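User: Please take a close look at the salt bridges in this structure and describe the residues that take part.

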Amino acid sequence: RIEYSIDGGASFRLIRSNYILNANFSTSSFPWYVPGGTNTQNAVIKISDSNAPAISTTSANFVISDPFFNISVPATVFGGQNVNVPFNYGGLSSNENLYSFYSLDNGANWIYLNYVGNFGGTGNGTIIINMPWVTSVTSARLAFANNWNFGSASVSYFSNNFNIVLPLLSVTSPVAGVQIEANGSLITPVV
């Protein structure tokens with residue numbers, strides 16, 4: 001019988017009953033899916049004989065934490081501009097390929113941007129995103145997912161909501177008395 005505890009052994013939850021170990025106990029292993037949301041600093045595993053529960057061994061305490069991927073987009077960005085987007089992550093399985101997407105409608109629809117990279121363990125980095133040229137959006141989001149087709153991704157990480165606004169333009173020329181035609185030609189009046 002294999003059980004786990006998230007409170008240092010005060011109570012246990014069943015992982016598997018009637019599991020038969022191989023003859024060399026020191027090399028036995030059992031793959032186990034850890035339920036999400038099981039964050040604890042005091043996890044233990046207990047292995048016991050199903051027929052004689054008093055015969056058991058309990059592991060030392062260990063930590064269980066959900067994987068995370070924090071994507072930090074500034075609250076307001078300019079459309080058509082490159083934006084440095086920092087991120088940090090932890091608890092990822094090794095060799096997790098991630099792809100980036102953006103949404104202009106709070107995640108109802110996702111548009112593929114590019115391949116971000118291969119991640120595992122814990123780390124941080126920055127990706128440069130060229131924001132789409134839009135007039136004004138108040139519910140934009142970024143996402144990283146483990147499939148280039150967002151609808152087929154089994155793992156996704158999301159940014160905060162952010163605004164996309166048009167950049168401000170300053171006209172420094174022409175000076176008084178000079179006109180600009182629609183095609184951009186300068187016309188200098190003759191005095």
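Analyst: Arg1, Glu3 and Lys46 are joined in a network of salt bridges, a salt bridge being a side-chain nitrogen of Lys or Arg within 4 Å of a carboxyl oxygen of Asp or Glu. The model is predicted, so local features need pLDDT of at least 70 and side-chain atom pairs count only at pLDDT 80 or more, while totals for chains, interfaces and linings use all residues. Residues are numbered from 1 along each chain as its sequence is written, and side-chain values use heavy atoms, with hydrogens and water left out.

Across the whole structure, the search finds two salt bridges. In one, the closest N and O atoms of Arg1 and Glu3 are 3.5 Å apart. In the other, Lys46 pairs with Glu3, with the closest N and O atoms 3.9 Å apart. This second pair links distant parts of the chain, since Lys46 belongs to strand 3 (residues 40-48) and Glu3 to strand 1 (residues 2-5), 43 residues apart; strands here are DSSP runs of E with at least two residues, numbered from the N terminus.

The partners can also be described by relative accessible area, computed with a 1.4 Å probe on protein chains only: buried means under 20%, exposed over 50%, and partly exposed in between. Glu3 has 9% relative accessibility and therefore counts as buried. Arg1, at 34%, is partly exposed. In general, side chains of opposite charge can pair when their charged atoms come close.

Terms used:
Helix = DSSP H or I, 4+ residues; strand = E, 2+ residues; numbered from the N terminus.
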